[in-house]
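Dear colleague,

My findings follow directly after them.

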Amino acid sequence: MQFGKVGVLYGGVSAEREVSLKSGAMVLEALRRRGIDAHGFDTGFGSLADLVAQQFDRVFIALHGRGGEDGTIQGALEMIGVPYTGSGVMASAIAMDKIFTKRLWTTHGLPTPRWVELRPGPKLREQLRTVPDELGLPVFVKPPHEGSTIGVSKVKGYSQMSEAFDLAAKYDDVVLAEEFIEGAELTCAVIERQGKAVALPTIRIVAPGGNYDYEHKYHSNETQYLCPAGLPEAVEQEVRELSVRAFESIGCSGWARADLMLTKDNTPYLLEINTSPGMTDHSLVPMAARASGLSYEDLVVEILAGASLKAGIERAATGGTA
């Protein structure tokens, strides 16, 4: 397939800029190794007018967090008619909001930990006091529109709730308090092939002290990633099927990665889904791809081949039906 001039969008202005720069650099190098005319474009510095001027034939979105994973850049690309990788505007926006995602999964009957939405106001003090009773301890407190464990606290006592809320509130207007699920931490990548969502092998994450924070995600060599995950065959299949259902329920396309917890009795719970997962040397989608026989270069080319417009704006503008 002739891809033409390809843009790799990376960097941006979110709290995950550092990770995005690494993801974008690796994607760019991989595409060039395959002889593709690929060019990096840092959305943190380049304007939309600059992007239009580049006249890209399609783009690979290697942005993480707000402005790149939340439907914002997807909407801009729809308007200027440049096909892009990953999910469209709506699915990107939903997946970026962990609370909205959980509400949607609940309506579809998909298992996710119980949660409480916290907002500043006259009821907040009482909520902070009662959340541990409602959800149990420990409890996770996090900003629902951030990723990479930024602003996340594991609260082990009532007295820590206020401090955890303040930390999360630095990044968001609303805060998510989520039930702690004890068990194995899993992640499962999903790739759309010929219109069908397919799950890659599950990865089990074993972080030092069970603390899979920013440091252990991107910088530490102590975190273990087990792929195959060592799960019973039936459980592996259940996790993969649940990840595909999570992907489809939100309306994702292209590729994504679901994060889950697995209890000691092998019951999986969905935590979140990432529509523009990391692509660094510590990232999990490339790891799962390798386990399925797909090299890093093959993976990025396959994702790029699926770049498309999703909103139907072009069809509507030429007289068709949107």
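In strand S3, arginine 58 is the bridge partner of valine 6. Please bear in mind throughout that this is a predicted model.

The sheet

Strand S1 (residues 6–10) and S3 pair in the parallel sense, over four bridges. They belong to an open sheet of three strands with the order S2-S1-S3 and parallel pairing. Its edge strands, each pairing on one side only, are S2 (38–42) and S3 (58–61). On average, and ignoring direction, neighbouring strands of this sheet are turned by 30 degrees against each other. Helix H11 (residues 296–305) lies across S1 and S3 and runs at about 125 degrees to S3.

Helices H1 and H11

The axis of helix H1 (residues 17–33) comes within 9 Å of that of H11, and the two cross at roughly 95 degrees. H1 is therefore roughly perpendicular to H11. On the H1 side, the residues in contact are Ser23, Met26, Val27, Ala30, Leu31 and Arg33; they meet Tyr296, Glu297, Val300, Val301 and Leu304 of H11.

Serine 23, in helix H1, is buried, with a relative accessible area of 0%. Beyond its neighbours within four places in sequence, serine 23 is in contact with Ala62, His64, Gly278, Met279, Thr280 and Tyr296.

Salt bridges

The count of salt bridges comes to 16. One of them joins glutamate 297 to arginine 33, with the closest N and O atoms 2.6 Å apart. This pair links distant parts of the chain, since glutamate 297 is in helix H11 and arginine 33 in helix H1, 264 residues apart. Glutamate 297 is buried, at 18% relative accessible area, whereas arginine 33 counts as exposed, at 51% relative accessibility.

A second example is the salt bridge of arginine 114 with glutamate 179, whose closest N and O atoms are 3.4 Å apart. Arginine 114 lies in the loop between helix H5 (98–107) and strand S4 (115–118), and glutamate 179 in strand S7 (residues 175–179), so the pair ties together parts that are 65 residues apart in sequence. Arginine 114 counts as partly exposed, at 42% relative accessibility, and glutamate 179 as buried, at 17%.

The side chains of glutamate 117 and arginine 119 also meet in a salt bridge, at 2.8 Å from N to O. Arginine 119 is partly exposed, with a relative accessible area of 46%.

Backbone details

Two cis peptide bonds deserve mention. The bond from leucine 137 to proline 138 is cis, with omega near -5 degrees; proline 138 lies in the loop between helix H6 (124–135) and strand S5 (139–142). The bond from cysteine 227 to proline 228 is likewise cis, with omega near 10 degrees, and proline 228 is placed in the loop between strand S11 (224–226) and helix H9 (233–250).

Positive phi values occur at two glutamines. Glutamine 55, which is not a glycine, has phi near 55 degrees. It lies in the loop between helix H2 (48–54) and S3 and counts as exposed, at 64% relative accessibility. For glutamine 194, phi is positive at about 55 degrees. Glutamine 194 is in the loop between strand S8 (184–193) and strand S9 (196–199), and at 87% relative accessibility it counts as exposed.

With kind regards

Technical notes
Residues numbered from 1 in each chain as written. Predicted model: local features only at pLDDT ≥ 70, side-chain atom pairs only at ≥ 80, totals over all residues. Heavy atoms only, no water. Pairing = 2+ DSSP bridges. Axes fitted to C-alpha atoms, helices over the stretch in contact; angles between N-to-C directions. Contact = heavy atoms within 4.5 Å. Parallel < 35°, antiparallel > 145°, perpendicular 65-115°, else oblique. Buried < 20%, exposed > 50% of the residue type's maximum accessible area, 1.4 Å probe, protein only. Salt bridge = Lys/Arg side-chain N within 4 Å of Asp/Glu carboxyl O.
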